[in-house]
Amino acid sequence: MNEPKALIRPDRGEDAIAIHLVNKDSLEAFAKGLTAGQRASLAAQKFEGGGYQYAIIPDGDSWFVVSGVANPDSLSSWCLAKLADELPEGVYRVANAEAGPAMFGWITGQYRFSRYKSEDKAHGPRVLLTAQVGQIDGYTAEAQAECLVRDMVNAPPEDMGPAALEAECERLAKAHKAELTVVRGDALEQGYPMVHAVGRAAARHHAPRLMHLVWGDPAHPVLAVVGKGVCFDSGGLNIKPGSGMRLMKKDMGGAAHAIALAGLIMGARLKVRLHLLVPAVENAISGGAFRPGDVLASRKGLTVEIDNTDAEGRLILGDALTRASEENPDLIVDFATLTGAARVALGPDLPALFARRDETAEAFLAAGKAHDDTGWRLPLHEAYREYLVSDVADMANSAANPFAGASVAGLFLDRFVGEGIDWVHYDTFAWSPAPKPGRARGGRGLGLRASWHAIRGRYA
Ligand code: BES
Ligand code: ZN
Ligand code: ZN
């Protein structure tokens, strides 16, 4: 895609094409200031001031844009995203409003995943000038984080295996002078038995590992960020049907969220001691694969009977959450494309949020609402813990019934989070199934901006 850095620039009064924002109420007054020819052009383009509608209006030997928005005084993240995608390459400014939150959509609206297209159809940058100079870096950083999630999720699984997740962590560590430890091989088998068990069937070049990045002043409160890095989820021996497997390259979406969030946190130099933990595996099938009926050891010491090898995300997260808990964290936040059940309950737009503490849940939900990244809380209902009882081990990895699958997965994770620790778990989709302005079909951050703003509010 176009480098996000250059897409929003300070307005120094240079020549730019004007974008006039109107809605159905203000259209008539706006049209009064136009020439008869321009009004005819508006009408010919059937412009009525609805959201995402726009018209290009001739003006002498140049032209300007009229764009419909719900409320010109309170812009959404996405209101300029369609323009940013469809207008010709050039330099623009909003003539009658401050772009504010729409800067995010201006950048993400230009996102394309064209790395694997032989013919590079990327068109040139559409640059937005703004007088809100102090806001450019913040929105650009958020949009860059969003585009990183998309790029990682959209990458084909052969090219976004555990080694590629390691490379992303390496890049992050270099950029922010953080310390990165990668645990693999025997050390992984000893220290993170469930990560090893899930990942051990993969080909050598996709060998399982755990990335642990540490950054910041040790005197600051510990914030742990954890992401599910299942680089491809075939289901394992409980193999998924073709339709269910088709999108499973995105099963490292949680890791992508965690990595992008860590980048925002370090970039803003928040007053935290950050621990980023990314367990990375491919849930593959081979003679060495873990099986239904196997009993796994875990870092925590609990034994886990495998009921279903397709419930693998909670296994690798269990060990990573145990490790995170060892740091006496002030807060743990994890992201995972954990259950189909969360999608059945909430659809593709709403990430499910689980939290131990009501105040923390509310802070994350409010931050999401304020930044066009709404989530929905689901319960960690105590009574469902019994669904994970095993006849032979301390617990099972999935239930024998189909009830409340997202909550049951959350309750599984809860067993591995240290007692009393403030914890937020996002069961996210990381995918946009149908294109909408600013949200191309493919990888998508869901819960990224909400958690970023909640964390920024907590530690700024
Ligand atoms: N990665 C999937 C969950 C998933 C599926 C997320 C589809 C988004 C879309 C996960 O590893 C999984 O397969 N979960 C199982 C759990 C079940 C076996 C208890 C599921 O949700 O069906
Ligand atoms: Zn699975
Ligand atoms: Zn999975």
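Student: What makes up the division of the protein chain into domains?

Tutor: The chain is divided into domain 1 (4-110) and domain 2 (143-459), with bounds that come from an automatic or database domain assignment. This is a predicted model, in which local features need pLDDT of at least 70, side-chain atom pairs count only at pLDDT 80 or more, and totals for chains, interfaces and linings use all residues. Residues are numbered from 1 along each chain as its sequence is written, and side-chain values use heavy atoms, with hydrogens and water left out.

Student: How many residues does each domain bring to the contact?

Tutor: Domain 1 gives 12 residues and domain 2 gives 12 residues, where contact means heavy atoms within 4.5 Å. The centres of domain 1 and domain 2, taken over C-alpha atoms, are 39 Å apart.

Student: What area is buried between domain 1 and domain 2?

Tutor: About 1,100 Å² is buried between domain 1 and domain 2, and carbon and sulfur atoms give 65% of that area. Buried area is the accessible area (1.4 Å probe) that two parts lose on being put together, summed over both.

Student: How many salt bridges does the rule find across the interface of domain 1 and domain 2?

Tutor: Across the interface of domain 1 and domain 2 there are zero. The rule asks for a side-chain nitrogen of Lys or Arg within 4 Å of a carboxyl oxygen of Asp or Glu.

Student: Why does Phe47 count as buried?

Tutor: Phe47 counts as buried because its relative accessibility is 6%. Phe47 lies in the loop between helix H2 (36-44) and strand E3 (54-59). Leaving aside neighbours within four places in sequence, Phe47 is in contact with residues including Val22, Leu27 and Ser67.

Student: What sets the class of Lys46, buried or exposed?

Tutor: Relative accessibility is 64% for Lys46, so Lys46 counts as exposed. Lys46 is also found in the loop between H2 and E3. Its phi is positive, about 55°, although Lys46 is not a glycine.

Student: How do you know that Glu146 forms a salt bridge with Arg150?

Tutor: The closest N and O atoms of Glu146 and Arg150 are 2.7 Å apart, so the pair meets the 4 Å limit. Both residues lie in helix H5 (residues 133-154), four residues apart, about one turn of the helix. Glu146 is buried, at 4%, and Arg150 counts as buried, at 1%.

Student: Why is the pair of Lys240 and Asp233 called a salt bridge?

Tutor: The closest N and O atoms of Lys240 and Asp233 are 3.9 Å apart, so this pair is also within 4 Å. Lys240 counts as buried at 17% relative accessibility, and Asp233 counts as buried at 3%.

Student: What classes do Asp294 and Arg291 fall into?

Tutor: Asp294, at 19% relative accessibility, counts as buried, whereas Arg291, at 40%, counts as partly exposed. The side chains of Asp294 and Arg291 meet in a salt bridge (3.2 Å, N to O).

Conventions. Chains lettered and ligands numbered in written order. Helix = DSSP H or I, 4+ residues; strand = E, 2+ residues; numbered from the N terminus. Buried < 20%, exposed > 50% of the residue type's maximum accessible area, 1.4 Å probe, protein only.
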